[in-house]
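Hi,

Here is the structure I said I would pass on.

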Amino acid sequence: MNAQPILEVKGLSRAFGGVKAVNDVSFALHRGEIVGLIGPNGAGKTTLVNLITGVVPPSSGSVLFDGQDVTYQRPWQAARRGLARTFQIVQPFPEMTVLENVAAGALFAGRAANRADAEAQALEHLAFVGLAQDAHRPAAALPLPGRKRLELAKSLAMRPKVLLLDEVNAGLNSGEVDQALDLMRRIAAQGITILIIEHLMKVVLTLSQRVLVLHQGRLISSGDPASVVQDPQVVEAYLGSKFAERQRRMTANG
Amino acid sequence: MRSSAFFILSMLVLAAAPFIADNYVVRLCTFLCMYAALALSWNFIGGYAGYPSFATAGFFGLGAYAGALTQNLGLWLPLPWLFATVVVALFAAGLGFAILRMKGHYFAIGSISIVEILRLLASSWAQLTGGGDGLNVRILPGGPDYAGRVFLYSMMAVMIAAFITMLCVDRSRLGFGLRCIKQNEDAADMIGIDVTSYKTAAFTLSAMYCGTIGAIYASWVAYIDPSDAFSILLTLKVPVMTLLGGPGTVYGPILGAWVFVLLEEMIWAKFLEYNRAILGAVIVLLIFALPGGLLRMQWRRKWPSSVFGLPGLNRLKESR
């Protein structure tokens, strides 16, 4: 493993008026890692992703990608550098076909030389996520699980080095989540560094090598999944102080 | 295939007009070429990028004044037209950078203000432009028949140039990127499209041929004034033509412009008192009945839902 982190975030903060949505967050992702980012609703997870990909500029702090300072990059620059993301609320080009949607990713951020090349690559990515049979349907005609897969295929077509997955499993049933888990494992096997932003503990705990916990804009805990879920601060953030106290007593009493 | 055959045939008919018809028809054909070129230009920004620009008359008028002023300096004829093209293209590129930050209705209002500002400038800067008195342009020597032919073929050349540019853009990275921007600008940004540059390119392309057309128009009518060159009616008509024919298609703007000009000509001739009102009603009916333009007409769809249903609702139904 290369010692230099592929993505490094240093003291990143962003205030919206008086609310510090992200407050002095620092962490690093190493090549090939799968890291989970969890936190209750409104913890600042999506804002953090938006800061990293240049959708909103940070109030302070910096973002390093592959050793290069990219703090004030625009989203399209992030995409071309190899920093791809999916949206919590899917963002297809509704009137284009599924194939064109993915081809757009390959053409503008990936390594496709022209339209034909981009479409050929797009077909491979669609086959990978299991959408090949829908290639020529309009993107708007896909049901939600299909659109989530489309979003993934589009991100993969961009040939990312780092993939930020913002709640790709939200709104899926448990069978669909299992399929998505399998898919994410296969993406990781390609050597792509993944940051999973997720509500579903099942996904985070089975996939991640490391978990970061965000609460009220601050990073309150990090470490391997098993120890993070035992962390009293994390329990408190999710379930409230009363429950955390009771759990502490229970563990103390054995 | 059928549309390209139709296109080539209609070009031949237009080119033959001076030899088979009188000067009224030649003049009408010149207008057909002029509006088709303007509608094609609007298609770059309105049809592909999805930005409802109402700046057409601004570019047209700026081109008319730039061309007329240089022509009066004594420059050989195509040169003032080329000069106007360059001036307008540079103007749009510089302006686009600022104005394209606005979206939707804000952009529409911002773009229409360009027309107003330029019109005020032209009428106030009397030393240069002659102000409200207008500007006489040197008349092309050689008689009306000769001039009619020159201006018909010049307008036709610009229309064909705009059409070829459109074909190139339609098949290129730029066209694909603009279509992405139209459907979802944030997502387009996210997949690596430099949206600011792409939109500025579309805006510049939408402006430059308007500048050429404006300059040719000034030479043709030999007299321009601020309210004619920067006409609000023109700025509204051109988008309607493109929407009528089919925005975002290559043949739609030409078809829309021709249908519109011919309708206008017929209605103008028959109903002197009510022509604008009838034209307005026809436009409203066409836009409501054909939200995707004539080229995207779906013959199978039942009439009642498309005529009386709101286009927005129809679109919702399709997306489900």
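In chain B, 48% of the 320 residues are buried, where buried takes 20 or more other C-beta atoms within 10 Å of a residue's own, exposed is 12 or fewer, partly exposed is in between, and the C-beta atoms are placed from the backbone. Bear in mind that this is a predicted model: local features need pLDDT of at least 70, side-chain atom pairs count only at pLDDT 80 or more, and totals for chains, interfaces and linings use all residues. Residues are numbered from 1 along each chain as its sequence is written, while chains are lettered from A and ligands numbered from 1 in the order in which they are written.

Staying with chain B, you will find 16 helices and two strands (DSSP runs numbered from the N terminus, with H or I of at least four residues for helices and E of at least two for strands). Its radius of gyration is 20 Å, close to the 20 Å that the globule rule gives for 320 residues, so chain B is as compact as a globular protein of that length. That radius is taken over C-alpha atoms, and the rule is 2.2 Å times the number of residues to the power 0.38. The C-alpha trace of chain B spans about 60 × 45 × 40 Å along its principal axes.

Now the core. The largest nonpolar core has 173 residues, and those touching the most other members are B:Cys33, B:Ala36, B:Ala37, B:Val88, B:Met155 and B:Ile213. Such a core is a set of buried Ala, Val, Leu, Ile, Met, Phe, Trp, Tyr and Cys residues joined through C-beta atoms within 7 Å. Helix H10 (residues 195-221) of chain B gives this core its largest share, 16 residues. The core also draws at least three residues from each of domain 1 (1-82 + 160-229) and domain 2 (94-154) of chain A; those bounds come from an automatic or database domain assignment.

As for where the chains meet, 16 residues of chain B are in contact with 19 residues of chain A, contact being C-beta atoms, placed from the backbone, within 7 Å. On the chain B side, helix H8 (173-183) and helix H9 (185-190) each supply at least two residues, and H8(B) has the largest share with five.

Chain A has 10 helices and 10 strands, and 44% of its 254 residues count as buried. The C-alpha centres of its domain 1 and domain 2 lie 24 Å apart. Seven residues of domain 1 of chain A are in contact with seven of domain 2 of chain A. Helix H2 (75-81) and helix H6 (174-189) of chain A are the elements that give two or more residues to the domain 1 side.

One strand to look at is S8 (residues 193-197) of chain A: five of its five residues are buried, so it is largely enclosed by the rest of the structure. A:Thr193, A:Leu195 and A:Ile197 point one way from S8(A), and A:Ile194 and A:Ile196 the other way. Strand S3 (residues 34-38) of chain A pairs with S8(A) in the parallel sense over four bridges, with A:Ile34 opposite A:Ile194. Strand S7 (residues 162-166) of chain A also pairs with S8(A) in the parallel sense, over five bridges, and A:Val162 has A:Thr193 as its bridge partner. Pairing here takes at least two DSSP bridges between two strands.

Cheers

Notes:
Two residues are in contact if their C-beta atoms, placed from the backbone, lie within 7 Å.
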